[in-house]
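Thanks for coming, everyone. I have one model to walk through today. Let me put it on the screen.

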Amino acid sequence: MLQTKQSSSIRRMLRLVIAVAALGFGIKALLLHPVYIQLASNISYRDTWYTTVLYYLIDGGLIDLAVFAVCYPATVYAIWMNGLKESRRIPVSFSLLTLARFILNYVMSCLTDTGFPDLDELWRDIPPILLMLLLELFQYAVVILATVMVKRHYENRVADADVQAEMAGTDAPAPVFPFTGLFKLQNPLQLIAFLSALVQFVLREVNYHVYQITLYRLFGSTDGWADMLFTLLGDLMLGVLLYFAAILLLSHFHSKESDPA
């Protein structure tokens with residue numbers, strides 16, 4: 001019965017991750033990105049509000065963040081409840097979808113914007129694309145590693161408390177579910193949610209400042225301190241939203257699994 005419940009949990013999280021990643025990445029690459037390229041290249045639509053919205057959704061990474069906001073907690077929950085070995089199909093599937101996304105984005109960019117490059121241009125394009133792919137997979141790997149390590153530490157504390165309970169009166173760690181506060185990092189899953197949001201915030205800031213350094217090297221100027229401050233505050237707000245989205249989703253996953261129906 002326990003094995004059946006674990007398998008059902010993994011299947012649900014796997015279906016969720018594949019559906020959200022495929023829809024989010026697919027809609028962005030196949031629909032929104034071509035539309036944005038056409039609007040941004042037309043002077044009549046370049047400065048309209050809907051072109052600006054598409055810019056933030058695509059180049060601003062909001063669609064990708066929405067996918068991460070669902071898929072990361074789903075991965076964390078599956079690993080926490082079932083272990084990494086049993087849940088390995090989820091990170092493998094998401095990683096393959098991420099790879100497919102980068103390939104599809106490049107192909108669609110060629111079709112709608114620059115045209116297909118010759119072999120020399122292709123080889124010049126591959127290193128930066130590969131670097132971005134590795135950075136994105138790195139942040140996903142950090143979340144998975146944090147989950148495995150925090151889970152192991154929590155299980156060791158539970159085991160030690162069970163052994164020492166009669167001899168020293170050691171209290172067992174508090175149960176992970178239900179959450180008793182919005183920001184209690186003593187709870188291991190809330191700690192993982194915080195680390196996940198922190199990693200995404202840091203990498204967004206790193207990518208932004210790499211871009212600013214590139215601008216300075218090429219043109220001798222950046223977008224300015226006001227833009228940097230606005231970006232920092234925006235990334236902080238997104239990090240907070242990612243944290244609370246993870247808390248809500250983890251609670252939702254647990255309540256659905258605990259529901260006898």
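**Helix packing and salt bridges**

The axes of α3 and α8 cross at roughly 40° and come within 9 Å of each other. Angles under 35 degrees count as roughly parallel. The α3 and α8 pair is therefore oblique. The crossing of α3 and α8 is right-handed.

A word on what you are looking at. This is a predicted model. The protein chain has eight helices and zero strands. So the pattern along the sequence reads α-α-α-α-α-α-α-α. Taken along the principal axes, the C-alpha atoms fill a box of roughly 75 × 40 × 35 Å. The protein chain has 261 residues, and 37% of them are buried.

Now to α8 itself. Helix α8 covers residues 225-258. That is 34 residues. From first C-alpha to last, α8 reaches 49 Å.

Which residues of α8 are buried? Reading along the helix, they are M228, T231, D235, G239, L242, Y243, A246, I247, L250, F253 and E257. Keep E257 in mind. I'll come back to E257 with the salt bridges.

Helix α7 runs over residues 188-219. The axes of α7 and α8 are 9 Å apart, and the packing angle is about 155°. Over 145 degrees counts as roughly antiparallel, so that is the label for α7 against α8. The crossing of α7 and α8 is right-handed. What is in that contact, by residue type? There are 15 nonpolar residues, six polar and four charged.

Between α7 and α8 there is a loop, and D223 sits in that loop. D223 has a relative accessible area of 41%, so D223 is partly exposed. Here is a distance for scale. The C-alpha atoms of D223 and I10 are separated by 45 Å. Along the chain, D223 and I10 are 213 residues apart.

On to the salt bridges. How many does the structure hold? The structure holds six. I'll take three of these pairs in turn.

Back to E257, as promised. E257 forms a salt bridge with R12, and the closest N and O atoms are 3.4 Å apart. This pair links distant parts of the chain. E257 belongs to α8, while R12 belongs to helix α1, residues 2-40. Is E257 buried or exposed? The relative accessibility of E257 is 13%, so E257 counts as buried. R12 is at 27%, which means R12 is partly exposed.

The second pair is D64 and R101. Their side chains meet in a salt bridge at 2.8 Å, N to O. This pair also links distant parts of the chain. D64 is in helix α3, residues 62-82, and R101 is in helix α5, residues 89-114. That is a separation of 37 residues. Under 20% relative accessible area means buried. D64 has 8%, so D64 is buried. R101 has 7%, so R101 is buried as well.

K151 and E155 both lie in helix α6, residues 119-168. K151 and E155 are four residues apart, about one turn of the helix. Their side chains meet in a salt bridge at 2.9 Å, N to O. K151 is at 14% relative accessibility, so K151 counts as buried. E155 is at 41%, so E155 counts as partly exposed.

One last item, on the backbone. Most peptide bonds are trans. The bond from F177 to P178 is cis, with omega near -5°. Where is P178? P178 is in the loop between α6 and α7.

To recap. α7 and α8 are roughly antiparallel, whereas α3 and α8 are oblique.

Methods
Residues are numbered from 1 along each chain as its sequence is written. This is a predicted model: local features need pLDDT of at least 70, side-chain atom pairs count only at pLDDT 80 or more; totals for chains, interfaces and linings use all residues. Side-chain values use heavy atoms; hydrogens and water are left out. Axes are lines fitted to C-alpha atoms, for helices over the stretch in contact, and angles run from 0 to 180 degrees between N-to-C directions. Helices (H or I, at least four residues) and strands (E, at least two) are DSSP runs, numbered from the N terminus. Angles under 35 degrees count as roughly parallel, over 145 as roughly antiparallel, 65 to 115 as roughly perpendicular and the rest as oblique. A crossing is left-handed if the near helix is turned anticlockwise from the far one by less than a right angle, and right-handed if clockwise. Ala, Val, Leu, Ile, Met, Phe, Trp, Tyr, Cys and Pro count as nonpolar, Asp, Glu, Lys and Arg as charged, and the others, Gly among them, as polar. A salt bridge is a side-chain nitrogen of Lys or Arg within 4 Å of a carboxyl oxygen of Asp or Glu. Buried means under 20% relative accessible area, exposed over 50%, partly exposed in between (1.4 Å probe, protein chains only). The expected span of a helix is 1.5 Å times one less than its number of residues.
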